[in-house]
Amino acid sequence: MIICIDNILNSEELKLIHSKLTNSEFRDGKETAGWYAKEVKNNLQLPSNELTEEMRSIVMQALQRNRLFQAAVRPKIIRPIIFSRYEPGMYYGYHTDNALMGNQVLTRSDISLTLFLSSPSSYVGGELMIDTSLGEQVFKLEAGSMIVYPSSTLHQVTTVTKGTRFAAISWVQSIIRDPGEREILFDLETAREALFQKHGITPEFDLICKTHANLLRKWADI
Ligand SMILES: O=C(O)CCC(=O)C(=O)O
Ligand SMILES: [Fe+2]
């Protein structure tokens, strides 16, 4: 399931992050790439420091409050957010994300996310291209919007040829490991909310709530 979620950040948060990003010193992104991803990774990233932590906490709060993200992803662990920058000539060629991340505590990457931080009209290229069963799909979202997609896919960031592309990226271990089960729960959640909006609490609504809760109980990996 690939989902684009608009307005993860509001305009004040976006402005604040932007001003911090433009005052930050970036480093070579190869430092955090797996041994073979290094071969195709050509971008810049922020090291961990106080300023990065402030931006991380703004993004984490935004993820916590977003109901669509919570319902679609069901996060158990969210890896520390990475802020990246692509200048003209930079790209991240086709790769797959590491399945297991972290040192002491291992996180399984089920879902990858990219929160776009630059207006799409401010740079040329820099699309996120995902190899799906329907072919290559290309995404370049508004600043403040985010895409979540399976970490199991091959994907790339195409070369930026003009302007600067800022983004925040991370990986999530979901409470629901199986993508098919996650989608069933997401559909049920969507359906019960729509049913509630239309008719309020009814016996049918109660049955969907019961099924939703029982499937969650059955499949949750906590
Ligand atoms: O910046 C993006 O949209 C994705 C970056 C990416 O694929 C990665 O860092 O693994
Ligand atoms: Fe990636």
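Arg165 is buried, because 26 other C-beta atoms lie within 10 Å. Buried here means 20 or more other C-beta atoms within 10 Å of a residue's own, exposed means 12 or fewer, and partly exposed lies in between, with C-beta atoms placed from the backbone. The model is predicted: local features need pLDDT of at least 70, side-chain atom pairs count only at pLDDT 80 or more, and totals for chains, interfaces and linings use all residues. Residues are numbered from 1 along each chain as its sequence is written, while chains are lettered from A and ligands numbered from 1 in the order in which they are written.

Arg165 sits in strand E17, residues 165-174. Helices (H or I, at least four residues) and strands (E, at least two) are DSSP runs, numbered from the N terminus. Beyond its neighbours within four places in sequence, Arg165 contacts Tyr86, Ser118, Tyr123, Gly126 and Val160. Contact means C-beta atoms, placed from the backbone, within 7 Å. UniProt, in an unreviewed entry, lists Arg165 under "binding site". UniProt positions follow the numbering used here, feature names are shortened, and annotations may be inferred rather than shown by experiment.

## The shell around ligand 1

Ser84, Tyr92, Asp97, Thr114, Leu128, His155, Val157, Ala167 and Ile169 surround ligand 1. A residue qualifies if its C-beta atom, placed from the backbone, lies within 6 Å of the molecule. Strands E15 (155-157) and E17 each supply at least two shell residues.

Ala167 belongs to E17. Ala167 is buried, because 22 C-beta neighbours lie inside 10 Å. Its contacts, not counting residues up to four places away in sequence, are Ser84, Thr114, Leu115, Phe116 and Leu117. Ala167 and Glu13 are 154 residues apart in sequence, yet 14 Å apart in space, C-alpha to C-alpha.

## The annotated domain

The unreviewed UniProt entry places "domain: Fe2OG dioxygenase" at residues 76-174. Over residues 76-174 the chain is 0% helix and 56% strand. The end C-alpha atoms are 5 Å apart.

## Helix H1

H1 spans residues 11-22, 12 residues in all. From first C-alpha to last it reaches 16 Å, close to the 16 Å expected at 1.5 Å a residue. The expected span is 1.5 Å times one less than the number of residues.

Which residues of H1 are buried? They are Leu14, Ile17 and Leu21. They lie on the same side of H1, because they cover an arc of only 70° around the axis. The arc is that of the directions from the helix axis to the C-beta atoms. On the other side of H1, Ser11, Glu12, Lys15, Ser19 and Thr22 are exposed. The cover over the buried residues of H1 includes helix H2 (50-65), strand E6 (82-86) and E17.

Notes
Contact = placed C-beta atoms within 7 Å.
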